[in-house]
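Try each task yourself before reading the solution below it.

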Amino acid sequence: MAIGSNLWLSMSFTHLNVSSAYSFHFGTAKPDQLAQAAASFSQDALAITDDNGLYGAVKHIGACLDQNIAPIVGVRLKVENRGTVTIFSRGHNKGIGWAALCKIVSKAQTRAQGKTKKEIAISEKDLSELVVLDGKPTCTILLGPESDIGQAVIKANATVAARKLLDWKELIPVSECLSVEIVSHLTEPGSSYSTLQAKRMLQLALTAGLKPVLTNAVRYLEPDDALTGDVLDAARHLEPLGIFTPQANAQAWLKPEALMKKLALEITQSQELATKLLKNTEELANALRLDPVSDCDWSRPKTPEKSALGIEGNPFEVLWQKAHSGINWRYPNYSEDKLLPVRHRLHQELITINKLGFATYFLTVADVAQMIRDMRIRTAARGSGAGSLTNYLLGISGVDPIEHDLLFERFLSTERSSLPDIDIDVESARRHDIYRAIFKRYGGNRVTLLSMQSTYRGRGAVRDGGLALGFEEDQIDEIAKSIWRFSARNFRGMLSKKPELEKLAQLVEHDRRLNLLVDITERLDRLPRHISMHPCGVILGNQDLLSLTPVEPSGLGLPMSQFDKDDMDPMGMLKLDILGVRMQSSMAYAIREIERVSGKTIDLDAISRDDKETFRQIRTTNTLGVFQIESPGQRELTGKHQPTEFNDLTIQISLFRPGPMKGNMIAPYLDGRHGFVKPDLIHPDLAPILKSTQGVVIFHEQVLKILNVMTGCSLAKADELRRTLEKDQKFVEKFFRQNATKRGYSKAVVDRIWSVLEGFGSFGFCKAHGAAFALPTYQSAWLKTHYPTEFLAGLFTHDPGMYPKRLLLSEARRLGVKILPLDVNKSKDEYLVEKTADGLAIRMAITDLHGISNSEITRIIKQAPFADLADFYLRACPSRATIKRLALVGALDELAGGSTDHTRGDILERVRQLTALKSKPKLDENQPMLDFEAKEQMPSGFAAISTAGQIQAELDLLGMDITDHQLAKYQPMLDQMGVVRSSELVGLRSKTEVLIAGVRVATQSPPMRSGKRVVFITLDDGSGCSDATFFDEAQSRSSGVLFNTKLLLISGKTRRTGVKGVSIMAENAWDLSQLWQDYRQKNQLVAVENRK
Amino acid sequence: MIQVDETVKVLTNQSGEPVRFSWRNGSYQVTSRPERWYSRKPWWLEASRAQRGIGAQVLEVEMWRITASKGINSPNQFELVHSQADDGWQLVRIFG
């Protein structure tokens, strides 16, 4: 047969060894890119074989299904003592291959668990047991260049290699389970991946009677990606390029069929052998092709068995009963008349749930929710699940969907068959307890944690790029810091656009390495970097779960699936989002403190939701610490909006999002609300839908209702149309126009509504989600209003907000909540509420002291109280640094008899004495023993510490300025400059020129309608927060201090944003500490002048 | 092994394989099938750009290992570098 013969030309080729970007720090191409390329070469199958796992497998199968090619899945894995091989699941065997592959990966991963530091590898024994089941082959192993035989043909002689291959045959006696992989990357003759190695492997396989197959050990899509590969290699080795041995060349790309055939000829030097090699490859590929449905149970929903849920009989009947028995609980004392709509709605929901066969799913989630409540942990639902009455009755969600006008169809409908997401918020501090309880309740074979793929973003890409090029860490830090909210993909383009990159842009022009760094940063952007535990996902399945997903140990010790959230739907896996919310922990803490200190029991979920005092507090815009509405933007919106009821909070939370802001929906809503304009409700039929939002369409639910009313389609169909709107507007437009016109709506009305729907696209928000969020917003505002001390203690302890703790301190000052200093006799590891003569106060927790260890904290709490300094030193055994720091922040004052008896200087001197003693434990007998008990030992006469020094110590060691606000020391300069305090701003006219100063507490750069970047900086000056807005010009004027400087002076003009709202249109900004230095120098000069 | 770095003139056949080259006034006849392979360059030390799409030539070098002899002398192994950009040839190594 000649090269041009028909048989040769018609032979196909399948790539069997392909590392995707999910081989972390190795592969460069995403599965969809690879599948697309294979399909464009007219290849009808493609493998994915990532390192140590099936991280990209589900995405690969999905991509292959999209391209209509057959998926093949394997893993590149070390076999103990035998080098790295590729192990494939064989296909069309009802999943026994897939299960075996999952178990091989899980076994190899679990072996590396714990402190043993073993590498990830499978033992020969485990491998040989798993690749065959009841005499049938489940998997096929490919022995390639990195296997022991691949290395032996290069480094040892042919006899050694042949013997090793014989060992393999003995270990894996079933012939379908073993093949030899022939690869040539055309590297230097005689080295790994050279043609010579391939030739020898081929000879070896033929002699041993094993079938050789051809691959290209692919790690990138195109030769160009080899450069990216170099950088990834550096990141993997944690060494700069040039230190480790780099990849040999750029041949490991997804070569088209013609080039692979040429390679086959080059290796075999024989048409006949080349044909055989290609034929073997196709035969093996055929045996490995997976049928996603029968092999991986693709997309079929899986839930725990009835027995695991403790239910008997028909799950739907159980669900029916459970939901109905919730009616009395949720709607107590309702007349039958009033219950009629409740029952009607419930029946409709249950019918849908039954049609979809999701009864077990709801029972599962309800069971978990009940378990969490039984653990006495606060929970709340989030997301569209709050739109379901069934969820409300089962106790999964806490918002009444009927009262708040939320739609079930937005959550679940017969038009979709995928499992809906039900997300549960819990106290963050208890999340891990819940995970463990779930594992215990359902068994380790039905539960795994969900994983998450982290991808390279700007800063990470710069860091690893910088490492590869051998930059100093400081220099990279500097550059990384300047990357702010833009995609690294456009790094070069941004250099000329962003004022804060101006300096870097100049350097890049002259520095070759920096120039390269820009290019390779762009290359790394968006590549997966590593896998980690998803912050909230748990997968709950049936007892076959571990045959469907490989697992690996997580940081928590519990097994974690190698699949991520995007893989759940295709795999039909049930994912529960159990999100730890610090606000829930803070609120639970506040309630416990209220009970501990005053004995009052509060059921936060049962409090009235129309407390006037709470809304009055919200309207002052002093919402720091309140869930969802504490950010500068939300505070500004609160000032304009002036919410008066629960539904207003739902609206406000939904409005303050990129979509509505871009869509300019906020202004018309506010204008309508304040009566500046009469809301346009477009058509009487739509008035009931649009009235509550002043004619503005904010919610998905409104879109559903509009479509329902105007086209007559069902709400379920309407939700499908809403989803389609994002992908195929034309289709929806046609449907809408046709049906609305048919129902008699005028062209003008149809046009108007369509323009609203058209623009709606990404703008809208699910009202159920907004309402679910509004609940903790209201609850936290209620606590702040009625129990500010306990609430702040919760905030200090669980730190839920976006601001640094020291801003909470400012807020406490503003509210008149007293903060008590650290005291080793009273402080604990939480911020406790203490009763004092002047009422309640908050005692600082020991945990915030810089550098203190957990064991020191435990000892101090356990051994307290202490009689004096020596007693503390002996029994709490603090390190020298810790005791000194405790002294500096005043935590030892009480041990010296209170600050009136001794100065901070005396205490520090005593600490010095004691720590000096410790270093000489055996004292000279002739010397009089220092009496540890005696207070007389306290030195006296040492200088007290200045207030400024004390504040500095507090800032350095606690991160909080407790004694006074840190701006206080600059006051003389600020007064001279005429700087306005933030609390005075509200009394100023619009467009007044002002100077404001303070500590930066937040920097935000939200997406704007115009697409231009706007930077918001929030300063705290002790009297409250002020917000400054920087547009283009102001940004370039202040580029040096815009993002990193902590203490700022900002000039600008006031801008009224509502009844209670004022913000600053910034013109320029300066570094306050720099100004202070200049000021002091000048004053000293003046002082010297005066003396003359 | 001797390291050399000199431009040479190479005659190739239709598939681009060297058949003869001249070096320092000598003409060398290739005596067995030449072996093409690919080596690499430390682009991080040399290149000024590495943007996406710049291509593998920043990284990769085409090499030819050939056995050739001058006249009736016994053959030696030579290594040539072929630059695809300008179709130039460089003799880099002679094996003993």
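**Exercise 1. A strand covered on both faces**

Task: Work out which residues of E6(A) lie on each face, and whether the faces are covered or open.

Solution. Keep in mind that this is a predicted model.

Step 1. Sort the side chains by face: Cys139(A), Ile141(A) and Leu143(A) sit on one side of E6(A), while Thr140(A) and Leu142(A) sit on the other. Both sides are covered, with every one of these residues buried.

Step 2. Count along the strand. E6(A) spans residues 139–143, and five of its five residues are buried, so the strand is largely enclosed by the rest of the structure. The cut-off behind "buried" is 20 or more other C-beta atoms within 10 Å of the residue's own.

**Exercise 2. The partners of that strand**

Task: Which strands pair with E6(A), and in which sense?

Step 1. Look at strand E3 (residues 83–89) of chain A, which runs antiparallel to E6(A) and is joined to it by four bridges.

Step 2. Now look at strand E7 (residues 178–182) of chain A. E7(A) pairs with E6(A) in the parallel sense, over three bridges. Here Ile141(A) has Leu178(A) as its bridge partner.

**Exercise 3. Reading a three-stranded sheet**

Task: Find the order of the strands in the open sheet that contains E16, E17 and E18 of chain A.

Solution. 

Step 1. The order is E16-E18-E17, and the pairing is mixed.

Step 2. Identify the edges. Strand E16 (818–820) and strand E17 (832–836) of chain A each pair on one side only, which makes them the edge strands. From one strand to the next, the twist averages 45°.

Step 3. Check one pair in detail. E16(A) and strand E18 (residues 839–843) of chain A are parallel, with three bridges between them. Ile819(A) has its bridge partner, Ile842(A), in E18(A).

Step 4. Helix H38 (residues 788–798) of chain A lies across E17 and E18 of chain A, at about 5° to E18(A).

**Exercise 4. One methionine and its surroundings**

Task: Where is Met533(A), and which residues does it touch beyond those up to four places away in sequence?

Solution. 

Step 1. Met533(A) is in strand E12 (residues 528–540) of chain A.

Step 2. Met533(A) has 16 other C-beta atoms within 10 Å, so it counts as partly exposed.

Step 3. List the contacts. Leaving out residues up to four places away in sequence, Met533(A) touches Leu449(A), Ser451(A), Met452(A), Ser554(A), Gly555(A), Leu556(A) and Met560(A).

Step 4. For a distance check, take Thr724(A): it is 191 residues from Met533(A) in sequence and 32 Å away in space, C-alpha to C-alpha.

**Exercise 5. Where the two chains meet**

Task: How many residues does each chain give to the contact, and which element of chain A gives the largest share?

Solution. 

Step 1. Chain A gives 24 residues and chain B gives 23.

Step 2. On the side of chain A, the elements that give two or more residues are helix H9 (226–237) and helix H23 (512–524). The largest share, seven residues, belongs to H23(A).

Step 3. Sort that side by class: twelve residues are nonpolar, six polar and six charged.

Step 4. Note the scores of the model, an ipTM of 0.96 and a pTM of 0.82.

**Exercise 6. Each chain as a whole**

Task: Describe chain A and then chain B by their elements, extent and burial.

Solution. 

Step 1. Chain A has 47 helices and 23 strands. Its C-alpha trace spans about 105 × 100 × 65 Å along the principal axes, and buried residues make up 49% of its 1092 residues.

Step 2. Chain B has one helix and seven strands, in the pattern β-β-β-β-α-β-β-β along the sequence. The C-alpha atoms of chain B fill a box of roughly 50 × 30 × 20 Å, and 25% of its 96 residues count as buried.

Step 3. Finish with confidence: chain B has a mean pLDDT of 92, and 100% of its residues reach 70 or more.

Conventions
Residues are numbered from 1 along each chain as its sequence is written. Chains are lettered from A and ligands numbered from 1 in the order in which they are written. This is a predicted model: local features need pLDDT of at least 70, side-chain atom pairs count only at pLDDT 80 or more; totals for chains, interfaces and linings use all residues. A residue is buried if 20 or more other C-beta atoms lie within 10 Å of its own, exposed if 12 or fewer, and partly exposed in between; C-beta atoms are placed from the backbone. pLDDT is the predictor's confidence in each residue, from 0 to 100. Two residues are in contact if their C-beta atoms, placed from the backbone, lie within 7 Å. Ala, Val, Leu, Ile, Met, Phe, Trp, Tyr, Cys and Pro count as nonpolar, Asp, Glu, Lys and Arg as charged, and the others, Gly among them, as polar. Two strands pair if DSSP finds at least two bridges between them. Axes are lines fitted to C-alpha atoms, for helices over the stretch in contact, and angles run from 0 to 180 degrees between N-to-C directions.
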